[in-house]
Amino acid sequence: MNIINKKSWHIDEKEVTPKEIFEKRRTFLKLGAASIVSTASIVEALAKDQLPIKTLNYKQDKNPQNLKLNSYEQITSYNNFYEFTTSKEGVKPLAHTLNTNSWDIVIDGLVEKEMILRFDEFIKKVDLEERIYRFRCVEGWSMVVPWIGFKLSDLIKYVKPLSSAKYVYFETLFDDEMFPDQARKYFSAISYPYVEGLRMDEAMNDLTILAVGLYGSSMPKQNGAPIRLIVPWKYGFKSIKSIAKISFVDKEPLNSWQRENPKEYGFYANVNPNVDHPRWSQKKERVLGSFFKQNTLMFNGYEKEVAHLYKDMDLTKYI
């Protein structure tokens, strides 16, 4: 049994989850507060598209906006996943082409030993838990999502990067049979494969997770199955989907959106209401399902946990 200490970012599940969903989930979360299921149970649940997780007795979040969890339908029907299409509503009906069977993740670069992780096997080695996080898109919309995943720091410790590794580089799968926009080549929306990166201290932060599901089920294809990055204090494009490669490097990676338009997108992409996008304000956001906009929080509401990472940095320069 793993006991988890309450964190300042925890959101009370009873407060943010619709009652009917909360009650339904309780039928398979029967392990008691702050406990974790066995490895065998996780693997069996994956096959059934249900992921038993740690049942956490979260501390009430102090967010003055009184967070409400977005519905499963909203979270899975409004997606940025350019490999399929630039239409947010169009991703879901196209995502059936993504085949996540026998998924491999290449681990290379500055590590003690390069390797290939078999997703179905590696998932047995990690502790899955639920993280209810705010998710803020650079485009000005947001949602609240109950992710299922494990800390990226656990994977980093497992693969043993060298001391010379300063950054973690991520790459989405490149397969133009699965991803229609990749097949368009010169007419694609962006250059592929999609690339993202984190500084090592960002990657090791307790908030950073690799998500393999949401709402108690395996990750939907349109949301980045079978495994995606979640960095809740950064704009959503940093949370790369369908990861097929993780490299440890000594130089800052050139992430995809910075490569496409360096005047508008930087490496860090921290949520900052005080720094506008060149074409729109970042001071407010629209939560999916809400008519009125709300104020955007510094670091998306996670300032206490991550502000120290950027203590001596000019956040108007390092965007």
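Visitor: Leaving aside neighbours within four places in sequence, which residues is Tyr82 in contact with?

Guide: Keep in mind that this is a predicted model. With those neighbours set aside, Tyr82 is in contact with Glu139, Asp181, Ala189, Ile190, Tyr192 and Trp257. A contact here means heavy atoms within 4.5 Å.

Visitor: Why does Tyr82 count as buried?

Guide: The cut-off for buried is under 20% relative accessible area. Tyr82 comes in at 18%, so it counts as buried. As for its place in the chain, Tyr82 is in the loop between helix H4 (72–77) and helix H5 (91–94).

Visitor: And what makes Glu83 buried?

Guide: Glu83 has 3% relative accessibility, and buried means under 20%, so Glu83 gets the label. Glu83 also lies in the loop between H4 and H5. Beyond its sequence neighbours within four places, Glu83 is in contact with Thr172, Phe179, Pro180, Asp181, Gln182, Tyr192 and Tyr194.

Visitor: How about Thr76, why is that one called buried?

Guide: Its relative accessibility is 1%, and the label needs a value under 20%, so Thr76 is buried. Thr76 is part of helix H4. Not counting residues up to four places away in sequence, Thr76 touches Lys92, Leu214, Pro220, Gln222 and Asn223.

Visitor: Which residues does the "binding site" annotation cover?

Guide: According to the unreviewed UniProt entry, they are Asn79, Tyr82, Glu83, Cys137, Thr172, Asn223, Arg228, Ser239, Ile240 and Lys241. Of these, the lining of the largest pocket includes Asn79, Tyr82, Glu83, Cys137, Thr172, Asn223, Arg228, Ser239, Ile240 and Lys241.

Visitor: How much space lies in the largest pocket?

Guide: About 460 Å³. There are 29 lining residues, and the closest to the pocket's centre are Asn80, Phe81, Gly236, Phe237 and Lys241. Strand S4 (residues 141–151) gives the largest share of the lining, four residues.

Visitor: What is the make-up of that lining by class?

Guide: The largest pocket is lined by 17 nonpolar, seven polar and five charged residues.

Notes. Residues are numbered from 1 along each chain as its sequence is written. This is a predicted model: local features need pLDDT of at least 70, side-chain atom pairs count only at pLDDT 80 or more; totals for chains, interfaces and linings use all residues. Side-chain values use heavy atoms; hydrogens and water are left out. UniProt positions are given in the numbering used here, feature names are shortened, and annotations may be inferred rather than shown by experiment. On a 1 Å grid over the protein atoms alone, a cavity is a set of points where a 1.4 Å probe fits but cannot get out, and a pocket is an open set with protein on both sides within 12 Å along at least five of seven lines; lining residues have an atom within 4 Å of a point. Helices (H or I, at least four residues) and strands (E, at least two) are DSSP runs, numbered from the N terminus. Buried means under 20% relative accessible area, exposed over 50%, partly exposed in between (1.4 Å probe, protein chains only). Grid points are joined across faces, edges and corners, and a volume is the space filled by probe spheres set on the points. Ala, Val, Leu, Ile, Met, Phe, Trp, Tyr, Cys and Pro count as nonpolar, Asp, Glu, Lys and Arg as charged, and the others, Gly among them, as polar.
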